[in-house]
Amino acid sequence: FEATGEVDVCLNHFTDLSEANATYFGGVRDAAALSSGCRESTAPDPPCYEEALFKRRSVGLIRAHDAARPLFLFHAFHALHTPLQVPRHYLAAAAAAAAPFRFDDGSRWTYSALARYMDDTVAALVGALKERGMWSSTLFAFASDNGGPIYRPGGANNHPLKGGKYSDWEGGVRANAFLAGGALPPAAAGKAYDGLFSVADWYSTFCELAGEDPADLEAQQANTWLRARRLPQLPPVDGVSHWAALSGRSAPPRSEVHLSAQALLVARGRALYKIVTGEQPYSRWTGSVYPNCSAPAAGPGVQQPLFADLRVLGRRLSVSADPHEEAALTWQQDCGAAGCLFDVASDPSEHADLSDALPALRAELAALLTDRNRGNFAPRRGISSLRACAEGVRNGGYYGPFVDVASAYSPSPPATAAQRERDAAYLLRVAALSEPPAKRAFQAFYETLWAATRNASWRKLDSCLPQLDLPVTAT
């Protein structure tokens with residue numbers, strides 16, 4: 001629940017940790033990886049730490065790879081994401097590195113330790129590439145998918161930018177990225193790239209680098225069938241390649257980023273205009289040291305905003321029954337349908353709303369946003385299904401992506417009689433909760449429980465630290 005903010009149709013019952021290779025597709029069954037006995041370990045990489053599993057796998061793939069053949073490796077960190085968990089060694093290392101500053105907020109301390117662990121993992125990946133003689137021909141791309149979460153217990157800080165993850169403010173959509181490696185064009189080395197870049201552009205850029213056509217040929221073929229039946233067609237790939245611009249051979253190719261259904265970014269000369277519409281959570285600026293405990297007695301929503309999208313069986317839990325209080329607790333700002341307007345080239349922190357000064361431009365960008373929204377690709381992605389819960393039981397207690405392809409998974413170890421009995425009772429329980437009356441009662445119970453325990457629950461997600469509880473000895 002702390003990781004996703006949601007109680008799903010399977011009641012968060014399964015393990016979400018799988019692997020796939022040439023001979024196996026299913027849950028990770030390594031006993032050391034699944035053990036909780038190393039939680040208190042002071043080792044840098046205890047075997048049950050998820051990030052350590054990913055690091056060992058990626059480093060192993062690099063070391064086993066034929067250096068004469070191309071390699072595409074995507075290493076997706078879970079670090080810097082809730083639940084904020086890190087080996088105790090790194091908590092001590094973060095505290096030592098920050099001295100004489102002392103962390104007073106638990107989430108910020110853990111977040112800093114996670115960033116340190118991530119840095120060491122990047123060093124391990126780069127080191128493995130250099131050991132194999134592959135670094136000189138590698139393009140190493142590092143990127144975040146969004147700004148940091150400033151809500152409790154996210155632990156992040158986007159200072160001096162406004163807002164954070166789940167908002168359309170620059171603190172939520174202006175993400176960090178860099179390129180390195182021997183394949184980086186000399187014209188780009190050591191320089192900042194000021195072109196507009198969408199997350200969709202990585203695909204097209206990598207395709208050009210690899211000599212591949214980024215067009216979705218299967219979608220084009222499917223559109224022939226869809227057109228004949230007057231059905232909605234699949235859109236082309238949104239990404240554009242930046243390789244020529246990064247190589248110094250052309251200007252940046254993108255002049256617009258459709259940030260969301262509520263925000264649009266458009267380049268006009270040296271200006272970079274941005275329209276933001278509707279209700280936006282996390283609409284404040286944080287200080288340079290955040291989160292902090294400068295007012296430890298302050299209630300939730302004062303020091304940090306509360307997470308605005310908790311869900312139980314698909315139903316959103318209100319932060320407060322009072323809409324005005326909820327807006328205050330989530331630091332909400334309403335830009336209305338007309339929108340707020342900024343030039344984030346000259347005002348990246350979004351302090352100066354230009355709506356009154358440039359009403360015609362605001363109206364133009366609002367109309368452009370409406371037009372872009374007409375092309376949003378938002379297919380029906382299905383509904384929560386009890387079949388996923390049954391499949392999780394069949395797979396030995398692991399979530400999996402497929403409910404219609406039973407042959408996709410490798411056989412799981414036979415369940416004991418006691419486990420089969422527990423599984424049968426569990427499936428009866430989730431089946432009962434799927435019935436509308438029981439589902440509504442369960443959601444109402446959670447709503448009532450949440451209202452009664454909200455303040456205490458939020459306080460448990462972060463803590464003020466009058467002094468560190470670990471010896472500051474690590475380096």
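**Legends to the close-up views**

**View 1. The largest nonpolar core of the predicted model.** This core has 19 residues. Those touching the most other members are Tyr282, Phe307, Leu310, Val312, Phe442 and Trp458. Helix H13, which spans residues 436-460, contributes three residues, the most to this core. Nonpolar side chains in soluble globular proteins tend to be buried together.

**View 2. A second, separate core.** Here 17 residues form the set. Among them are Tyr90, Ala94, Tyr111 and Ala156.

**View 3. The fold of the protein chain.** The secondary structure consists of 13 helices and 13 strands. Of the contacts with a separation of 6 or more, 70% are made by residues 24 or more positions apart.

**View 4. The overall dimensions of the protein chain.** Along the principal axes, the C-alpha atoms fill a box of roughly 70 × 65 × 60 Å. The radius of gyration is 25 Å, and this agrees with a compact globule, because a globule of 475 residues would have a value near 23 Å.

View 5. The protein chain exposes about 26200 Å². Carbon and sulfur atoms supply 55% of this area.

**View 6. Charged side chains.** The protein chain carries 45 positive and 49 negative side chains.

Key
Residues are numbered from 1 along each chain as its sequence is written. This is a predicted model: local features need pLDDT of at least 70, side-chain atom pairs count only at pLDDT 80 or more; totals for chains, interfaces and linings use all residues. Side-chain values use heavy atoms; hydrogens and water are left out. Helices (H or I, at least four residues) and strands (E, at least two) are DSSP runs, numbered from the N terminus. The radius of gyration is taken over C-alpha atoms; the globule rule is 2.2 Å times the number of residues to the power 0.38. Contact means heavy atoms within 4.5 Å. Accessible areas come from the Shrake-Rupley method with a 1.4 Å probe; for residues, only the protein chains shown count as cover. Lys and Arg count as positive and Asp and Glu as negative; His and the chain ends are not counted. The place of a charge is taken as NZ of Lys, CZ of Arg, CG of Asp or CD of Glu. A nonpolar core is a set of buried Ala, Val, Leu, Ile, Met, Phe, Trp, Tyr and Cys residues joined through side-chain atoms within 4.5 Å. Buried means under 20% relative accessible area, exposed over 50%, partly exposed in between (1.4 Å probe, protein chains only).
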